[in-house]
Amino acid sequence: MKYKLEWIYNVKSNEKVQCSSDWLTGELAVKFAEEIESSGKVTELYFYDEAGTSWILKEMKKLLTEVEEDPHEITVFFDGGFQKESNQAGLGAVIFFKQGKKKYRIRANQRFDEMESNNEAEYAAFYFALNILEDLGVHHLSCEFKGDSQGILKQLEGEWPCYEETLNRWLDRIEGKIKTLGIHPKFTVIPRKDNKEADKLATQALEGKEIFAKTLIL
């Protein structure tokens, strides 16, 4: 989750200037707030998250202490593969996140039966990744979702319409899960070459190689 600061700066002429920061990590936002507050010239200092919720400095420190041990700063890569002959899909997901002061990576895949198309496999892969986030206890956080399927990401953003009934059902499930978890999503389309790990996991799932691995990144 990123945070923005807003405050009033009192200049020597007794005039007041409304100021605001860029979006910052929680830790940096608190450090910055402490520094400018120590000048004695700052009043009405508030933190805002991407959902518009606000805190004062004391509340923000308590919040960061509470969420420090929960997964945060989450990035999800997803990809789906499809075998027309068997109507099976391979779903792949790679999830990076921080917990405490450490950074982790989860690599996971799953084979899914009774798929109709490669597009449906992409939707199923996204939903598969959301289920992993739910199992991790992720809720009310910002998450970035990266994939090479422009269609699903643009449809989730609401920029492109979806006319296929089967895909619309997947969109409803995905949007429902995002709402249930309180996730604030960011959707990023990436080149296929930057999504190789999720693609490999999807292929391995179709080959019958099931994987779920959590790794500490040094």
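At what angle do the axes of helix α4 (residues 150–157) and helix α5 (residues 165–181) cross? A few friendly notes follow.

1. This is a predicted model, in which local features need pLDDT of at least 70 and side-chain atom pairs count only at pLDDT 80 or more, while totals for chains, interfaces and linings use all residues. Residues are numbered from 1 along each chain as its sequence is written, and side-chain values use heavy atoms, with hydrogens and water left out.

2. The chain averages a pLDDT of 91, and 99% of the residues score at least 70 (pLDDT is the predictor's confidence in each residue, from 0 to 100). Confidence is lowest in helix α2 (residues 57–67), with a mean of 82, and highest in helix α6 (residues 196–206), at 97. Helices (H or I, at least four residues) and strands (E, at least two) are DSSP runs, numbered from the N terminus.

3. To the opening question: the axes of α4 and α5 cross at roughly 60° and come within 11 Å. Axes are lines fitted to C-alpha atoms, for helices over the stretch in contact, and angles run from 0 to 180 degrees between N-to-C directions. Contact (heavy atoms within 4.5 Å) is made by Ile 152, Gln 155 and Leu 156 of α4 with Leu 171, Ile 174 and Glu 175 of α5.

4. An open sheet of 6 strands runs in the order β10-β9-β6-β7-β8-β11, with mixed pairing (two strands pair if DSSP finds at least two bridges between them). β10 (184–189) and β11 (212–217) are at the edges with a single partner strand each, so one side of each has no neighbour in the sheet.

5. Strands β7 (residues 88–99) and β8 (residues 102–112) pair in the antiparallel sense over 11 bridges; Val 94 has Arg 107 of β8 as its bridge partner.
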